[in-house]
Amino acid sequence: MSSREKILSLIKQNQPEYKELTVQFKFDTVYENNFNKFAEILSFVGGKAVAVNSYEEIKADIQAHYQGVTKIASTVEELADLADFSLNISDPHELETLNLAIIRGDFGVAENGAIWVSEKQLPHRVLPMITQYLVMIIKGSEIVTNMHRAYERIKVDETGFGTFISGPSKTADIEQSLVIGAHGARGLTVYVLP
């Protein structure tokens, strides 16, 4: 028996007896309006939430705000005609010139303005981080109050990967110089459907 195997064997022999955790702490949060809180926090962290009633409204708003922008990719079928950049690629490095990505989020979190995006929404994991600007679409009924409720909904074992995104990427150095888009998208707009 090697020293490694001996150490692991001793650790295994000295494990404490398994005990079921009986207390499940959950923090309840109540907001008068989940969308309003979500929009407030998202705005505070540099993003923008827009309440819309249809994909036509989303399309019109995107065309107005990203006029003349090329290299747009969409994983949202209803907005596929806005795309001029194919995500049917084998090497994610080919996404380095992408200006705008349009994707769905699974749900939002009111307390921190975060949106959960699972791998089922992303043909490439790097997509929301490598694009210059990011547009996400969620349903207002899918905004939960806090992270306790969010973690109840996450099923990573079903998708393999997921991430919370809140606002555009930003960082500040020791001189307090804020840089937007340092590690990801320079702008985030979240369209919230009913």
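How many residues of strand β5 (residues 114-118) are buried? Five of its five residues are, where buried means under 20% relative accessible area, exposed over 50% and partly exposed in between, with a 1.4 Å probe and protein chains only. This is a predicted model, where local features need pLDDT of at least 70 and side-chain atom pairs count only at pLDDT 80 or more, while totals for chains, interfaces and linings use all residues. Residues are numbered from 1 along each chain as its sequence is written, and side-chain values use heavy atoms, leaving out hydrogens and water. Helices (H or I, at least four residues) and strands (E, at least two) are DSSP runs, numbered from the N terminus.

**Strand β5 and its partners**
- Both faces of β5 are covered: Ala114, Trp116 and Ser118 are buried on one side, and Ile115 and Val117 on the other.
- β5 pairs antiparallel with strand β4 (residues 107-109) over three bridges; two strands pair if DSSP finds at least two bridges between them.
- Trp116 in β5 is the bridge partner of Phe107.
- The hairpin of β4 and β5 has four residues between the strands, and Gly113 there takes a positive phi near 65°.
- β5 also pairs antiparallel with strand β8 (residues 162-165), over four bridges, and in β8 Phe164 is the bridge partner of Trp116.

**Helix α3**
- Ile58, Asp61 and Ile62 are the buried residues of helix α3 (residues 55-65).
- Down the axis of α3, these fall within an arc of 100° (taken from the directions from the helix axis to the C-beta atoms), so they line one face of the helix.
- Glu56 and Ala64 are exposed on the face turned away from the buried side of α3.
- The buried residues of α3 pack against β3 (100-104), β6 (133-139) and β11 (187-193), with contact meaning heavy atoms within 4.5 Å.
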